[in-house]
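Student: I would like to go through the labels attached to this model and ask what each one rests on.

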Amino acid sequence: MKRKIIWGVVAFFLLALLGAALNSWHSDRLDAFVRLKIEEYSKSQLPVDILPGKTEIQLLPFNVKISDIKIVPKKSLAAKIKPIEISHIQLSPSFLHLFLGKLQLSYLHADTVTVDLNLALGGSGPAPETDLDGLLRLVPISQLQIEHLDLNLLLREQEKTFSIHARDIFLLATNDVSSLALQVKVAALDASRGKDQLVRDAQVGTHMFLTNKNLILSELKFKEGGAFILASGSTQHNLVKKVLTSANINVRTQFDAERIKIAYDLFKANGEKNPS
């Protein structure tokens, strides 16, 4: 019995050494092959072109690291989304799903990401039905982690323009097919409407659990200067039918008197510009 264990350990280390040797000998070929396949797949199957800079493949444990990625939207998406730049992505496939003939990533980690969106609000007609289970089955990622995400969002509604800039975002999402656990932290958030500054250097954080029938909000934090909002609670709903059955929300707030005055002056000025 002991001899079998010893030979098993020896075989494992020999495989590890062999894998390292193959990886070293063929790293350039593997790099070129993986980059080519990613570019070909994105051109034929995706609404964006994915242009990876360099790939690194580790055999034991198997994972892939892709550096200096540029994602270029195609056709109509190009008017809404500027090219996305990512410092590096590290991903690990699920061997159970590969054995079953399916591609499912057990983990995907992206670092230093910049996203610019330009969207028009309204005029899209009735919202489609939302089946969370169906949407989650379409996403082949069990856990997604994004660090150091910068998001610039421009929203246009008729003659109004809203601008949102969120810096150094941390996002952790766990997809359990029938549920989604989400944790988000925003280090600094700015928001404006036209030339009017609405929010400056606010910190935002939330932790929630969502299914087709329930939302559990463990925590929602919003802090700007001396003002803050803390909220938690839960809801019972039907996402598919868009029906809210019940809600239980707990909120604690503290307001900055100066911010209230600024908001009131802005509201008053808008009322004078657009009398009813």
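Predicted model: local features only at pLDDT ≥ 70, side-chain atom pairs only at ≥ 80, totals over all residues.

Student: Why is Phe255 called exposed?

Tutor: Exposed means over 50% relative accessible area, buried under 20%, and partly exposed in between (1.4 Å probe, protein chains only). Phe255 has 54% relative accessibility, so Phe255 counts as exposed. Phe255 sits in the loop between β12 (243-254) and α5 (257-273); helices (H or I, at least four residues) and strands (E, at least two) are DSSP runs, numbered from the N terminus.

Student: What makes a nonpolar patch, and which residues form one here?

Tutor: Patch residues have over 30% relative accessible area and no salt bridge; nonpolar side chains (Val, Leu, Ile, Met, Phe, Trp, Tyr) are joined within 5 Å, like charges within 9 Å. Ile229, Ile249, Val251 and Phe255 form such a patch on the surface, with about 380 Å² of accessible area together. Those areas come from the Shrake-Rupley method with a 1.4 Å probe, and for residues only the protein chains shown count as cover.

Student: Why is Ile164 called partly exposed?

Tutor: The relative accessibility of Ile164 is 27%, so Ile164 counts as partly exposed. Ile164 belongs to strand β7. Its C-alpha atom is 5.9 Å from that of Asn152, twelve residues away along the chain. Leaving aside neighbours within four places in sequence, Ile164 is in contact (heavy atoms within 4.5 Å) with Leu151, Asn152, Leu153, Leu189, Asp190 and Ala191.

Student: What makes Asp190 and Arg167 a salt bridge?

Tutor: A salt bridge needs a side-chain nitrogen of Lys or Arg within 4 Å of a carboxyl oxygen of Asp or Glu. For Asp190 and Arg167 the N to O distance is 2.8 Å, and the pair meets in a salt bridge. The two are 23 residues apart, Asp190 in strand β8 and Arg167 in strand β7, and link distant parts of the chain. At 19% relative accessibility Asp190 counts as buried, whereas Arg167, at 22%, is partly exposed.

Student: How do you know that Lys221 and Glu219 form a salt bridge?

Tutor: Their closest N and O atoms are 3.6 Å apart, and the pair forms a salt bridge. Lys221 has a relative accessible area of 39%, so Lys221 is partly exposed. Glu219, at 34%, is also partly exposed.

Technical notes:
Residues numbered from 1 in each chain as written. Heavy atoms only, no water.
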